[in-house]
Amino acid sequence: MDVSGARVLVTGGASGLGLGAAEHLAAAGAHVGIMDLPTSDGSDLASDRDWVFAPADIGDTDQVAAGVARISESLGGLDVCVNAAGILTAHRVVGRSGDLFPIDRFELTLKVNVVGTFDVARQAAGVMADND
């Protein structure tokens, strides 16, 4: 797939799989915007690489909307969305002492990894719907 000149949004782009995807896409000629937590290294990474950074928690739909808007406006639209943001919480379902897996941790994991991923995809698709 030729991504040269493509306008790409990568969530989780400040580390791990997201950073690897962003670097690969940029090396292939894509214009890259990364979305990651405000506490991430995203701002420094983006400025060092001539990328766009949008600080956002993908579990918050208002932050996602602002992040998608910032990146799409800066890049002049969107052609590709790579959802690589996610969290992992580890805990036994029932610990040795009888404590149960905290349901709020499970709900947060679903909110970020499922709902947040869908939210980014739908909002990016809304921008892409305007492409020729």
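Trainee: Which residue forms a salt bridge with R49?

Mentor: This is a predicted model, in which local features need pLDDT of at least 70, side-chain atom pairs count only at pLDDT 80 or more, and totals for chains, interfaces and linings use all residues. Residues are numbered from 1 along each chain as its sequence is written, and side-chain values use heavy atoms, with hydrogens and water left out. A salt bridge requires a side-chain nitrogen of Lys or Arg within 4 Å of a carboxyl oxygen of Asp or Glu. With the closest N and O atoms 3.0 Å apart, the partner of R49 is E23.

Trainee: How many residues apart are R49 and E23?

Mentor: Helices (H or I, at least four residues) and strands (E, at least two) are DSSP runs, numbered from the N terminus. R49 belongs to helix α2 (residues 42-49) and E23 to helix α1 (residues 16-27). The pair links distant parts of the chain, and the separation is 26 residues.

Trainee: Is D119 buried or exposed?

Mentor: D119 and R122 meet in a salt bridge at 2.8 Å, N to O, and both lie in helix α4 (residues 103-128). Buried means under 20% relative accessible area, exposed over 50%, and partly exposed in between (1.4 Å probe, protein chains only). R122, at 46%, is partly exposed. The relative accessible area of D119 is 5%, so D119 is buried.

Trainee: How many salt bridges does a search of the whole structure find?

Mentor: Besides the pairs already discussed, D79 forms a salt bridge with R7, with the closest N and O atoms 2.8 Å apart. D79 lies in the loop between α3 (61-75) and β4 (80-83) and R7 in strand β1 (residues 7-11), so this pair ties together parts 72 residues apart in sequence. For the whole structure, the number of salt bridges found is 3.
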